[in-house]
Amino acid sequence: MVIKAANEFKDKTTAVNQLWQTDFTYLKITGSGWYYLSTVLDDFSRYIVAWRLGPTMCASDVTATLDQALAASGLDNIAVATGWSATAAGAGRGALTSGAMMCPYGPFTSPPDLT
């Protein structure tokens, strides 16, 4: 059985700040070693809301990127989707890992249908 990924979400966002996506990746910089890039992307605009580049891959680095995104967007809290690779703490902020999806406007009750 082969499962094919869709090119887009079935239920598309219709405005900015409805859904954010995060990514945490690493880069090897010649002569400097490994660096880690944490980003928050707005799904609708495809705009990078916030990013951080640093020498560590700690949850605090991702949380700092999320705080930066909240400040840039003017939002004061978000709901974090759980069940993939995110863990929520407090008002939606917590130790996030690559691939977490965040819904700034309210509870994100289930993952989007990718078919």
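Helices here are DSSP runs of H or I with at least four residues, strands are runs of E with at least two, and both are numbered from the N terminus.

## Overall build

This is a predicted model, in which local features need pLDDT of at least 70, side-chain atom pairs count only at pLDDT 80 or more, and totals for chains, interfaces and linings use all residues. Residues are numbered from 1 along each chain as its sequence is written, and side-chain values use heavy atoms, with hydrogens and water left out.

Of the 115 residues, 35% are buried. Buried means under 20% relative accessible area, exposed means over 50%, and partly exposed lies in between (1.4 Å probe, protein chains only).

Areas come from the Shrake-Rupley method with a 1.4 Å probe; for residues, only the protein chains shown count as cover.

Helix α1 covers residues 59-73, 15 residues in total. From first C-alpha to last it reaches 21 Å, close to the 21 Å expected at 1.5 Å a residue. The expected span is 1.5 Å times one less than the number of residues. Buried residues of α1 are Asp61, Val62, Thr65, Leu66, Ala69 and Leu70. Just after the helix, Gly74 takes a positive phi of about 85 degrees.

A nonpolar core is a set of buried Ala, Val, Leu, Ile, Met, Phe, Trp, Tyr and Cys residues joined through side-chain atoms within 4.5 Å. The largest one has nine residues: Trp20, Val40, Val49, Ala50, Leu66, Ala69, Leu70, Leu75 and Ile78. Two elements, β3 and α1, each give two or more residues to this core. The largest share, three residues, comes from α1. Ala69 shows how the parts meet: leaving aside neighbours within four places in sequence, Ala69 contacts Trp20, Val40, Val49 and Ala50.

## Nonpolar surface patch

Leu27, Ile29, Ile48, Trp51 and Leu53 make a nonpolar surface patch of about 460 Å². Strands β1 (20-29) and β3 (48-54) each give two or more residues to the patch. The most come from β3, with three. Patch residues have over 30% relative accessible area and no salt bridge; like charges are joined within 9 Å, and nonpolar side chains (Val, Leu, Ile, Met, Phe, Trp, Tyr) within 5 Å.

Trp51 sits in strand β3. Trp51 counts as exposed because its relative accessibility is 52%.

## Salt bridge and positive phi

A salt bridge puts a side-chain nitrogen of Lys or Arg within 4 Å of a carboxyl oxygen of Asp or Glu. The whole structure holds one. It joins the side chains of Asp43 and Arg46, at 3.3 Å from N to O. Asp43 is buried, at 10% relative accessible area, whereas Arg46 is partly exposed, at 48%.

Most residues other than glycine have a negative phi. Arg46, not a glycine, has a positive phi of about 65 degrees. Arg46 lies in the loop between β2 (33-42) and β3. Asn17 also has a positive phi, near 65 degrees. Asn17 belongs to the segment before β1, and is buried, with a relative accessible area of 13%.

Conventions
Contact = heavy atoms within 4.5 Å.
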